[in-house]
Structures are given as C-alpha cells and as structure tokens.
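Subject: The structure we talked about

Hi,

Here is the structure for you to open alongside this email. Have a look at it first, and then read on for what turned up.

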Amino acid sequence: MPGTIGATVGDEGRSGTGTLRRTLSFRDLVVYGLLFIAPMAPVGIFGTLQATSHGAIAAVYLVATVAMAFTAYSYAQMVRVAPRAGSVYTYARVGLGEGAGFVAGWMAMLDYLLIPAVAYLFSGIALHALVPQVHQWVWTALAVVVTTLLNLWGVRVAAVVGFAVLALEIAVLVVFVVAAVWALAAHGPQRGWTVPLTGEGGFSTSAVLAAVSIAVLSYLGFDAIASFAEEASGGSQRVARAVVTCLVVAGVLFAVQTYLAALLAPMSAAELAAKPGEQGAAFYVTVDSAVGGWLHDLVAVSKAIGAAFAALAGQAAAGRLLFAMARDRRLPGAMSKVDAGSGVPRRALLGAAVVTLVAAVWAASRDDGLDRLSSIVNVGALAAFALLHASVIGWFRVRRQAAEPSVLRHVVVPLAGLAVVVAVIVEAAPTAQIVGGAWLLVGLAVLVVQHLRRGRAAATRD
C-alpha cells in the first residue's frame, strides 16, 4: 500500500542482526541535536566568517538557517517514510535505490566521523588555553575517551548528562547576551547597527554564500536526530518535530550572538582578512575587550565542555550510521551487533571513536590542523543532503508512494533545497571539493566491488 514503507522497513530491521531500544523522548532528541550543533558553535569560526562575508556575519546565519530549513523539511518528510537508524542513508536507499543509498551514507560518513574530530579539537584548544602546561592533543584525546565511555554506557545516560551540559551552555550564552547588550548600551557599537546584516562597504552575495558554505558546519547536527529514529518513543512524527525545532532554535541563537559580537568586535572584517592568524581567537578577543577577562574565561570553559559533548552526540550519530549500513551488509557485519546490556551498537561506536581519535589527535598535534580539518568536513554532508532532497522527489513523485503527492511539498521544496545545496558546494573551498570528490570516487569504487561480488555470489547459487 502506498505510504506504508515504515512498516516494511521496521520488519526488515527486526529481522536484522541488531535491534535498538525505543527510550528517547522528544526532549532527549532535541538535546542530542542541540548538543551536536552546540549553542555557541559560531565562537570558533566567528573570525573566519567575519572575514569571508566582509562583515555580514548575521546575514550569513540567517541565509544558512533558511538554506537548512529546506533540508530539515525533507528530513521531516522522509523520517515518516522510513523511521529507521541510518538517517540519509536509509532515506536515499528507500527513495532512490540501493546504490544511491550507499553513496548518501558514504558521503555522510565522512562528516559524521570528522565533525566530532573538529569538536574534540575545539575542546582541546580551549582547555589548552586555560591550562597551557598540558598540550592540546592530550586534552583532545582525553575528551574522546571520556565521551566515548558515556556513549558506551547507554543512550539514556548520555542524554541525561548531555542535558546538564546543554543547560550550562545556554546559561553562558544568556550571560554573554546580557553582557553584550549592557556594553552596547554603555559604550555604543564599534560599527553601524546594520553592518552585521549588510557587510562593510556593501552586501556581497558571493561573499555571503562563500561564508554560508563554512557556516553550515555550525548546523550539522540537527540532522543527526534522524539517526535515532529507531530509539525514539512516540513515533516518527516526534522525530520530525524535533528536527525542525532544533534547527529553528539553533538559527535564532546563532544569529543573535553573531550580530552582537560583530557590533562589539574591535577588528574589522578587512583587518581579519589581512591577518588570518587572528581569526581563530576573534570572538574571545571581542568578549575580552568589550566586557572583560572573566567572560572570556567563562566562554572558554563553556566552549571546552560544550565542544566535547557536541562530539559525543556526533559520535553517537556516527555509530548509528555505521550500524545501519552494516546491518544492510554495506559495511562489515560485526558493526551491526547491539550490546545486550546497554542497548547501543558498541562495535560501531568504537569503530567511529577510533577514526575520530586518530583524526583529532593528528590535527591537534599540527599548527594548521584546525584549518585542514575544518575545511573538508562540510562537503560530504552537503552531498548527502542533495541526495536526501532527490529521495523525496523519488519516493513521492517518481514512485508515487503516497495517496496524494503534493507538487509543493514533494517537488518544489526539495528542488529549492537541492539548488541551495549545489550553490553552497560550488562556493566551498577548493580543498573541500577535492577531498569530497576523492571520497566519492572511493565510495563508488567500493560500490562497484560490492556489486560484482553480489553478482558472482548470485551466479554461484544459480
């Protein structure tokens, strides 16, 4: 019957190697999403975005939120169709076929493994700034170990601890907003009130789009909620609502904090562009000069803790993606095992943790590690988002698996989302495009090998 793929997919999941437990509430899902995103995610890339956008950083986050809204809507459509672990891998597989599903999962894998590495590195950098006697790679490795243990303990334990950390981050953000408003009222802004929206010297569409391709990093996480579809109580409707809620909340928080920081920043966008070495600490310098060192330290501590737990949520999502692909025999079957005690895919989580640990420690031990790592983490997710939008069209309009397919919801919106994603990929850094292209070629080679092996196995059975 049209529109009932959820039941079919659920049956397939029960016959697979592992079955996940439905223990996550709506609040838990939003907590995981906001943890992965991190309420103060723009702190680490504030200077880079200021320089790239010519000062229109608040406009960057408004555009990015709208761009991601199309993606959130497509997620909400497909999570109702296929409420399974695996997120975009599952949706592309259902809407476009096995091959496209593998490619979507493969591209998303690049980001789900590397984004936590970036977050761990942010944590290591912040802790090293507070305790410089300990090298940042040691702090980075410690953050990986602690959060991995929490993930292995169980999804509910990680969600409870994560809620406490999220509350701390939001409290610090509120303190920053109040202090920034006080500083603006007392001393006035460093530049015009509209500059964070229009830029210095006029609005540049190409500059804003180039910055959006970087800012997308701040949003990658709201989609991770869909990876917990098999562990959410209340059905797919609750997961879809959590995805949209998380994006809206994050967009508002990002736009407000970057607008205020841009007004108070002592260095202009042009100065930051001329001095790339100053970009990483631009937000901290702004807070220090406008408010005081106490807020600088408070933000640094919050960023250190928050980044580590953003990585925790990312690592958990990566584990679910590896689990789903392994259950469908697209990755080694050992990763499809679910631990009887904790109810989590322990081997998939450990596999994700090992890759993340190596990448994070490697980057932490290099002076240019953050630049190299952060420049390549977006393109995989963007490619997966493109296949997500295509899967909506494929399922509802090409296969017509709905009682009354809507041209607006099932064609116009996903096509608009696809256009935005393609535009952002085109404006992405050349390094990101090269790495993403190379990763895609490797994935296609793996897909061809798997297809040939299955063909030989079928021929042998015949």
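Predicted model: local features only at pLDDT ≥ 70, side-chain atom pairs only at ≥ 80, totals over all residues.

Ser123 sits in helix H6, which covers residues 98–130. Leaving out residues up to four places away in sequence, Ser123 touches Ala143, Ala304, Ala307 and Ala308.

Now for the overall picture. The protein has 19 helices and zero strands. Of its 462 residues, 55% are buried. If you take the contacts between residues at least 6 apart in sequence, 82% of them join residues at least 24 apart. The protein exposes about 17,700 Å², and 67% of that comes from carbon and sulfur atoms.

The largest nonpolar core holds 138 residues, and Phe176 and Phe283 are the ones with the most contacts inside it. Which helix gives the most to this core? That is helix H14 (residues 293–327), with 19 residues. Phe176 and Phe283 also touch one another, and the other partners of Phe176 are Gln257, Leu260, Ala261, Val287 and Leu295, again without counting residues up to four places away in sequence.

Thr286 has a relative accessible area of 2%, so it is buried. Beyond its neighbours within four places in sequence, Thr286 is in contact with Phe46, Ala261, Leu264, Ala265 and Pro266.

There is also a helix pair to look at. Helix H5 (residues 88–96) packs with helix H17 (residues 378–398) at an angle of about 35°, and their axes are 8 Å apart. The crossing of H5 and H17 is left-handed. From H5, the contact is made by Val88, Tyr91, Ala92, Val94, Gly95 and Leu96, and from H17 by Ala384, Leu387, Leu388, Ala390, Ser391, Gly394 and Trp395. What kinds of residues make up the contact of H5 with H17? Ten are nonpolar, three are polar and none is charged.

Trp395 is one of the residues that H17 brings to this contact. At a relative accessible area of 5%, Trp395 is buried. Between Trp395 and Tyr91 there are 304 residues of separation in sequence, but their C-alpha atoms are 9.1 Å apart in space.

Val446 is in helix H19 (residues 430–461). Val446 and Phe102 are 344 residues apart in sequence and 9.6 Å apart in space, C-alpha to C-alpha.

Best wishes

Technical notes: Residues numbered from 1 in each chain as written. Heavy atoms only, no water. Axes fitted to C-alpha atoms, helices over the stretch in contact; angles between N-to-C directions. Helix = DSSP H or I, 4+ residues; strand = E, 2+ residues; numbered from the N terminus. Left-handed = near helix turned anticlockwise from the far one by under 90°. Contact = heavy atoms within 4.5 Å. Nonpolar A, V, L, I, M, F, W, Y, C, P; charged D, E, K, R; others polar. Core = buried A, V, L, I, M, F, W, Y, C linked by side-chain atoms within 4.5 Å. Buried < 20%, exposed > 50% of the residue type's maximum accessible area, 1.4 Å probe, protein only. Areas by Shrake-Rupley, 256 points an atom, 1.4 Å probe, with all protein chains shown as cover.
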